[in-house]
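Thanks, everyone. Let me put the chain on the screen, and then I'll walk through it region by region.

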Amino acid sequence: MRPILGLESSCDETAAAVLDGDGGVLAEVVLSQEREHAPFGGVVPEIAARAHLAAFPEMVGRVMQRAGLGFAELGGVAASAGPGLIGGLIVGSQMAKGIALAQRLPYVAVNHLEAHALTVRLPGLVEGGASFPYLLILMSGGHCQCVAVEGLGRYTRFGGTVDDAVGEAFDKVAKLLGLGWPGGPVLERLAGRGDARRFAFPRPMLGREGCDFSFSGLKTAVAQEVARHGSGALAEGLAADIAASFQRAVVEVLADRACHAMAMMRQRDPAAKLLVVAGGVAANGAIRAALQDAAAGAGFRLVAPPVRLCTDNAVMVAWAGLERLRAGLSNGLDFAPRPRWPLDALAG
Ligand code: KG4
Ligand code: ZN
């Protein structure tokens with residue numbers, strides 16, 4: 001296989017990467033739009049699309065230059081084509097299609113969730129390679145689900161959130177505590193200084209059959225607690241205790257849901273022994289530690305790719321493209337990006 005170029009623009013990261021035919025990273029760039037969106041306390045779709053459009057031409061040139069390649073030397077071009085914010089998806093897809101058309105290269109419309117799901121198969125990440133089947137828990141600002149990854153394009157969703165994604169819950173609670181956006185990392189730091197036993201926040205879905213999640217009730221409970229302390233800024237100790245108590249509730253829920261998901265996985269595929277986490281929330285140390293314990297208790301091995309590969313990036317998109325091209329799969333240039341594109345829809 002010749003090298004592949006991958007583009008990511010489904011949310012607020014603009015990213016490009018070039019992999020060689022074996023999946024080795026030749027060059028990669030990730031540009032976060034955090035500063036553009038922070039004043040609004042969340043991602044503004046129109047701003048995101050325009051920022052992708054402004055960044056891509058120079059970024060793609062730079063990544064190719066760093067890889068030491070001309071476009072004619074590529075074997076394919078891949079871009080996230082959904083799910084995500086449609087403006088950004090269109091920008092990245094058109095960029096990839098333009099290059100593919102000009103160079104007569106195969107184009108791959110990558111499902112962003114599939115890219116997260118396959119990241120762990122990048123060469124060198126897991127000793128001996130991550131072979132199918134394995135269990136994936138995807139936890140980000142936009143997604144929260146447990147999926148059996150049984151082969152390329154073969155995914156079974158065991159459960160997911162019925163309301164907010166877990167990263168969204170972190171962001172909303174951080175906002176309530178006046179921590180800015182995105183809130184996950186700051187909230188984790190603050191929680192490290194707080195007393196997790198001070199507030200008995202609810203643990204939604206804990207012990208419930210299956211592995212669905214729910215976080216909106218927990219967020220509401222935090223909002224009520226914050227409101228009880230008046231309208232001004234919270235004292236730092238109090239904010240830290242709320243953050244710690246909230247994070248503890250999330251950790252317990254995630255560990256419980258993971259245990260259920262691993263039992264479901266075992267029943268379906270007795271050979272499965274890997275629990276893989278992906279998404280920005282996988283950066284959280286308390287969550288990683290709890291999932292590590294849960295996995296060990298269930299006879300699974302937890303694999304958490306390095307944080308920069310857990311959050312949105314283009315290496316994972318290029319890799320998913322490479323896996324698809326190797327399997328003889330590519331897409332027509334008439335493929336329309338899809339704001340909604342569940343993983344199970346890839347089965348076929
Ligand atoms: O995967 P990601 O970079 O972007 C998407 O949402 O697709 O994930 C970002 C999310 C945000 O909600 C952010 O607050 C959360 O991941 N996050 C964390 C931590 N780092 C990032 N949540 C909890 N603890 C963290 N350390
Ligand atoms: Zn993502």
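Just after α5, G178 takes a positive phi of about 70°. Helices here are DSSP runs of H or I with at least four residues, strands are runs of E with at least two, and both are numbered from the N terminus.

Some ground rules. This is a predicted model: local features need pLDDT of at least 70, side-chain atom pairs count only at pLDDT 80 or more, and totals for chains, interfaces and linings use all residues. Residues are numbered from 1 along each chain as its sequence is written, chains are lettered from A and ligands numbered from 1 in the order in which they are written, and side-chain values use heavy atoms, with hydrogens and water left out.

Back to α5, residues 166-176. Which of its residues are buried? They are V166, G167, A169, F170, D171, V173 and A174. Buried means under 20% relative accessible area, exposed means over 50%, and partly exposed is in between, with a 1.4 Å probe and protein chains only. What do they pack against? Two strands come up, β6 (134-139) and β7 (144-151). The helices are α6 (184-191), α7 (216-228), α8 (236-268) and α9 (285-297).

Stay with the loop that follows. Between α5 and α6 sits P182. The peptide bond from W181 to P182 is cis, omega near -5°. There is another cis bond, from F132 to P133, also with omega near -5°. P133 is in the loop between α4 and β6. For context, most residues other than glycine have a negative phi, and most peptide bonds are trans.

R104 has one, about 55°. R104 is in the loop between α3 (86-103) and β5. Its relative accessible area is 78%, so R104 is exposed. M205 has a phi near 80°, again positive and again not a glycine. M205 lies in the loop between α6 and α7. Its relative accessible area is 14%, so M205 is buried.

Now β6. L138 is in that strand. L138 has 1% relative accessibility, so it counts as buried. What does L138 touch, leaving out residues up to four places away in sequence? The list is L113, H116, H143, C144, Q145, A278 and G279. A contact means heavy atoms within 4.5 Å. L138 and C310 are 172 residues apart in sequence, yet their C-alpha atoms are 9.1 Å apart.

H112 lies in helix α4 (residues 112-118), and D312 lies in the loop between α10 (307-310) and α11 (315-326), so the pair ties together parts that are 200 residues apart in sequence. Both H112 and D312 are buried.

Next, β5, residues 107-111, which holds A109. A109 is at 6% relative accessibility, so it counts as buried. Beyond four places in sequence, A109 touches A79, A81, N331, F335 and W341. Compare R121: A109 and R121 are 12 residues apart in sequence and 19 Å apart in space, C-alpha to C-alpha.

Last, the whole chain. How many helices and strands? There are 11 helices and 10 strands. The radius of gyration is 20 Å, close to the 20 Å that the globule rule gives for 348 residues, so the chain is as compact as a globular protein of that length. That radius is taken over C-alpha atoms, and the rule is 2.2 Å times the number of residues to the power 0.38. The C-alpha atoms fill a box of roughly 60 × 50 × 30 Å along the principal axes. Buried residues make up 54% of the 348. Of contacts with a separation of 6 or more, 74% join residues 24 or more positions apart.

That's the tour. Over to you.
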